[in-house]
Amino acid sequence: MSGAGLDPKTAPTFPMAAKAMMGDVQLRKNVRHATDVIQEKRARVVSEMPDWQELREAGKQIRRHTMEHLDFYLEEFEANCTRAGGVVHWARDAEEARRIVIGLVKASGSDEVIKIKSMTTEEIQLNSALEAAGIHPYETDLAELIIQLGADRPSHIVVPALHKNREQIREIFQREMNLPELGGRPEDLADAARMFLREKFLRVKTAVSGANFLIAETGGVCVVESEGNGRMCLTLPETLITIAGIDKVLPRFQDLEVMLQLLPRSATGERMNPYNSIWTGVDGASAGDGLRDGARDGLRDGPRVFHVVLMDNARTEILADDEGRQTLNCIRCGACQNVCPVYRQTGGHAYGSVYAGPIGAILTPQLQEMHHAQSLPYASSLCGACYEVCPVKINIPEVLIHLRNKVVKQNTAGVAGLFDVEAGAMKAMALIFRSERRFRAAQRLGRIAERPLVRRDAQGEGWIGWLPGLLGGWTQARDLGEMPKETFRDWWERRGENGN
Amino acid sequence: MRVSLFITCYNDTLFPETGKAVVRVLERLGHTVEFPQGQTCCGQMHYNTGYQAEAMPLLSRFVEQFKGAEAVVVPSSSCVAMMRDHYPKMALAIGRVELIAEVDALLPKVFEFSEFLTKRLGLEDVGAYYPHRVTYHASCHGLRNLVLGDGPMRLLKAVRGIDLVELQGLEQCCGFGGTFAVKNADVSSAMLAEKTTAVLNTKAEACTACDNSCLMHIQGALHRQRTGVKTVHLAEILAGDEGALR
């Protein structure tokens, strides 16, 4: 039913995927429009917060502290979650996580699950694994539903269907829900989705959810959302399986005070999420409340069986890297995607991973083995807009540069490295810059070397309109001015000699 | 004041007029200007592309050339950002105690050109005359890493004869990003197209900035499209001579 997931292992390089995206005029228009709208809303609700910078700093400190003591808080979470009636599972990697979830779904006796938005399940491509195991997943987040019905792939971590406009969504609903007469107003689409999903909510007894936060102090899990479909998944089914990266933990319940201000404003430009669900353990865990069993039945609003799968999937490796570690502070608001001029041109699919945009450019190469995502750290002009909006102050440009260094080290290692064209040029230039004499010689040589490429324009100025090899990317859309006859340093010397 | 110039490798080679303009403005303001001859490059291109090891010796070289300076002025926001953001960390990585101390002592004396005028000297009017319609592009590094704020705009507003028009999407990257323009040529070109459209919409004769790397990028497209619109470094506008009024 759903299309093949985004898999960094098989994805084309960013420049190649981006080139394909550049041809999709409608997609690029949709992405730019949607990110414009969200950015404008975000700017408005952030500007009304006098303590926004202090909040960001608090968010950063909470996340940094958590990562420094992650082992402690994970164990605390496990103990408190278990005490409340939950069952905690640990998954080393994607394969193990999929196996655990499939086993739990089967044990629940269901061959279908309702799902509420979880990028973590996209990360491990859970849906196709469920289908292969004979279990049918139904996405219930509106955007995820659109993606699933359209056999598409998410292109944004908060607004996965942001690359689709309303008319395209209507067509998907008409076709997949068998509603040829469906109107195109937002309420028509919402009604169609509501009818379609309500039947699933009432029928399917097993749910799979993601988590925005795990709270160590209480063993509770928090999901924030806009539609309430998540709450249906969290309260109606008998079995709830939550899957979360180990980075999702927060030390104290009180820390939500900071996070639940930072997240909605950064993500969707809302002051508060319409639905903030926090659940701890299972219904009926507090059997000592003095109620007769029958009386308690009327109060049921949560699962009777609750599992949490805590997934590592390379996160401890990121944790072990001092410079890359701040990547794990991410609270998945997507603000960096909306503001990124690169993402705004390409949309999310070009990143070949469920995590797109600036955060994807640093997260994906660290979650995957680097050679699957070598081009991603370079998918940025280092303009710094992502760092400026990040609610927990992840210095994304700094991490990008750190990862570029890792890529270079990988590419220049061994014998093959000796033949790396870029590395050769870079090393040669570095050698030139280490000596004034060599630098001057290179400046002279440059003027000679460029001569065959220079053409005179109507004003008699020399311009280069075509460059060979690696540099050809420049002349694709830009000319390059001829080098001046005299460098600054030559002028400076001449000036000194003339006694001015 | 005795001002040492770091003109940067690409300004030296490709945009000598910018360096000359910096000299003209500073001398007009009564300062003594020096140009340490052994200077070459700050190492930004290497560092940002992932060749950190190659950038390290350039840090030592920079410190060697400028450690006695009273003030270092650099007409390039991205090179100054490179120094402020990465030199302390690089010095620590190199691990030579005296180098770490020298970098710490030197960096507070390093200024981007417009920053030197507005923040160090406290000036807005530097006595310039430039009778043209101009729009200003805030380079990302100047805007975000150096937090130049409205400093360059205040300098421009004080220029006699200038017709200053605001650029739409001022804070948007032009798409240069050093090797990004070559490695991701398609995306870079699309970002550039948005920028040049904004520039053309202002009907300005010239687009200015505090960084010739952005301007080289923007100028490259403006020339390719045969628009006739020029780019000019802020220093060259500020060097425009009052004498021309007479």
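**View 1. Salt bridge between Asp12(B) and Arg489(A).** In this predicted model, the side chains of Asp12(B) and Arg489(A) form a salt bridge with an N to O distance of 2.7 Å. A salt bridge here is a side-chain nitrogen of Lys or Arg within 4 Å of a carboxyl oxygen of Asp or Glu. Across the interface of chain A and chain B, 11 salt bridges are found by this rule. Side chains of opposite charge can pair when their charged atoms come close.

Residues are numbered from 1 along each chain as its sequence is written, and chains are lettered from A in the order in which they are written. Local features need pLDDT of at least 70, side-chain atom pairs count only at pLDDT 80 or more, and totals for chains, interfaces and linings use all residues, while side-chain values use heavy atoms, with hydrogens and water left out.

**View 2. The interface of chain A and chain B.** Chain A gives 66 residues to the contact and chain B gives 64 residues, contact being heavy atoms within 4.5 Å. About 5,700 Å² is buried between the two chains, 58% of it on carbon and sulfur atoms; buried area is the accessible area (1.4 Å probe) that two parts lose on being put together, summed over both. Between chain A and chain B, 40 residue pairs are in polar contact, both residues at pLDDT 80 or more. A polar contact is a pair of N or O atoms within 3.5 Å; within protein, one must be able to donate a hydrogen and the other to accept it, and residues adjacent in sequence count only if both atoms are side-chain atoms. On the side of chain A that touches chain B, helix α20 (residues 421–433) of chain A supplies the largest share, seven residues. Helices (H or I, at least four residues) and strands (E, at least two) are DSSP runs, numbered from the N terminus. The residues on this side of chain A comprise 30 nonpolar, 14 polar and 22 charged. Ala, Val, Leu, Ile, Met, Phe, Trp, Tyr, Cys and Pro count as nonpolar, Asp, Glu, Lys and Arg as charged, and the others, Gly among them, as polar.

**View 3. Salt bridge between Asp321(A) and Lys406(A).** The closest N and O atoms of Asp321(A) and Lys406(A) are 3.1 Å apart in this salt bridge. Asp321(A) lies in the loop between α14 (315–320) and α15 (335–339) of chain A and Lys406(A) in helix α19 of chain A, so the pair ties together parts that are 85 residues apart in sequence.

**View 4. Open sheet of chain A.** Three strands of chain A, in the order β11-β12-β13, form an open antiparallel sheet. Its edge strands are β11 (454–456) and β13 (480–481), each pairing on one side only; two strands pair if DSSP finds at least two bridges between them. Three bridges join β11(A) to β12 (residues 462–464) of chain A. Arg456(A) stands opposite Gly462(A) in β12(A).
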